[in-house]
Amino acid sequence: MNSLSEVIGPLPNASFGGTLQLANGDDPGGARAVIAAAGAKPEALTDALAQCGGLLLLKGMDQIAEEPALLVRLSRCFGPEVEDYRRTLTRSNMVHDSVPEIFVVSNIPSVGRAPPPRPDPPFTADGKLPVQYPHRKGWHTDQSYRRPPPDISLFFAVEPVPQGEGQTLFADGAAAYEALPPALKQKLEGLEGMHVQLGTGRSREAVTAGEPARPLAPHEKSQRQPVVRVHPVTGRRALYLCESGQMDWLDGPFVAMEPGPHGEGARFLDELMTHLTRPEFIYVHEWDRGDLLVWDNRCLVHAATWFDASKHERLMWRTPVHGNPGAIYAGERKSWIPQAENAAAAQ
């Protein structure tokens with residue numbers, strides 16, 4: 001019988017994160033073994049995630065590619081609810097054809113999702129991969145435009161691109177918050193950001209270009225989120241914000257600050273994002289086939305990097321987990337589901 005060993009961390013060239021390994025087992029391990037070990041000790045995986053600062057790496061999870069439902073079973077070890085994309089108005093080509101809890105991230109048709117732009121210049125002055133905003137753009141936390149937002153994301157590499165491209169970057173929001181000067185921490189007390197989903201015409205680029213924002217249905221409305229979020233498990237405070245695409249640049253990005261892409265709120269967001277993504281708060285993950293990364297959206301932000309889509313095909317699967325967003329969300333209905341569906345679900 002396998003058991004879950006201690007987390008080995010931090011992750012390479014980082015100050016947080018860890019790799020989870022099985023111990024005392026006679027079988028080769030893999031996703032089934034992790035699920036079985038977690039079943040024997042239900043709190044083990046959530047404890048491990050908290051122990052390593054919200055980023056957990058599981059290597060050799062290739063069984064998931066053969067049996068996709070294993071990803072959903074493993075996701076449920078981190079929380080009671082795994083999102084079903086049949087109920088969230090997600091385009092069907094981005095949902096796994098037999099496991100509707102899996103969101104497909106791929107440049108392969110029919111998904112056809114292009115990689116993010118390559119930074120300009122593509123490297124820093126010392127030849128390193130850019131990580132710090134604004135040289136590196138695209139930093140976000142998953143589905144922050146929802147209340148309650150998801151707790152955990154799992155991201156599995158079915159077919160990654162070769163190392164050196166297509167990395168995933170993570171920034172430690174708790175360490176970044178702790179490093180802020182006291183006066184800036186005081187300024188953040190009670191401050192809320194305004195988060196909105198992509199494609200609504202409210203991104204920084206769209207507003208700057210003068211593009212018209214489309215009317216939003218009630219379940220698409222911008223959602224207020226605390227800029228400093230208290231983790232419901234560890235009690236640590238962490239910066240919780242995104243840049244560009246998931247912030248509302250018409251009415252925000254912050255409540256009660258001058259709105260718009262050139263106002264006081266924009267300048268403050270740039271200051272915070274530049275701090276949050278300083279290299280000492282960053283981990284860069286180079287993907288191997290069969291890697292599974294589990295991250296905590298309540299205390300980390302992440303960003304994708306460019307890869308040469310003309311040469312490489314990439315196939316990744318993601319599941320978001322809900323269940324413990326914190327006391328400030330207690331009793332809230334799901335903002336992203338039309339009210340008629342919420343009412344039907346409650347009956």
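This dialogue reads selected features of a predicted model.

Trainee: Which conventions apply to the numbering and to the values?

Mentor: Residues are numbered from 1 along each chain as its sequence is written, and side-chain values use heavy atoms, with hydrogens and water left out. Because this is a predicted model, local features need pLDDT of at least 70 and side-chain atom pairs count only at pLDDT 80 or more, whereas totals for chains, interfaces and linings use all residues.

Trainee: Which strands pair with β4, and in which sense, parallel or antiparallel?

Mentor: Two strands pair if DSSP finds at least two bridges between them. Strand β2 (residues 18-19) pairs with β4 in the parallel sense over two bridges, and T19 stands opposite L57. Strand β14 (residues 292-296) runs antiparallel to β4, joined by four bridges; there, L293 is the bridge partner of L57.

Trainee: Which residues have the most contacts inside the largest nonpolar core?

Mentor: In soluble globular proteins, nonpolar side chains tend to be buried together. A nonpolar core is a set of buried Ala, Val, Leu, Ile, Met, Phe, Trp, Tyr and Cys residues joined through side-chain atoms within 4.5 Å. Here the largest has 36 residues, and L56 and L292 have the most contacts inside it. The elements that give it two or more residues include α1 (31-40), β4, β7 (152-159) and β14. Its largest share, five residues, comes from α1.

Trainee: What does L56 touch beyond four places away in sequence?

Mentor: Contact means heavy atoms within 4.5 Å. On that basis, the residues that L56 touches include G18, L45, F78, L292 and L293. Apart from this core lies another, of 32 residues, among them V131, Y133, L180 and V301.

Trainee: How many disulfides does the structure hold?

Mentor: A disulfide is a covalent bond between the sulfur atoms of two cysteines; the criterion used is a pair of cysteine sulfur atoms within 2.5 Å. A search of the whole structure finds zero. For C52, the nearest cysteine sulfur, that of C299, is 9.1 Å away. For C77, the nearest is that of C52, at 15 Å. C52 is buried at 6% relative accessibility, and C77 is buried at 17%.

Trainee: Where are the cis peptide bonds and the positive phi values?

Mentor: Most residues other than glycine have a negative phi, and most peptide bonds are trans. In this model, a cis bond joins G9 and P10, with omega about 0 degrees, and P10 is in the loop between β1 (3-4) and β2. Another cis bond joins R147 and P148, with omega about -15 degrees; P148 is in the loop between β6 (103-106) and β7. As for phi, N13 has a positive value near 60 degrees, and Q143 has one of about 50 degrees.

Trainee: Are N13 and Q143 buried or exposed?

Mentor: N13, in the loop between β1 and β2, is exposed, with a relative accessible area of 82%. Q143, in the loop between β6 and β7, is buried at 5% relative accessibility.

How values were computed. Buried < 20%, exposed > 50% of the residue type's maximum accessible area, 1.4 Å probe, protein only.
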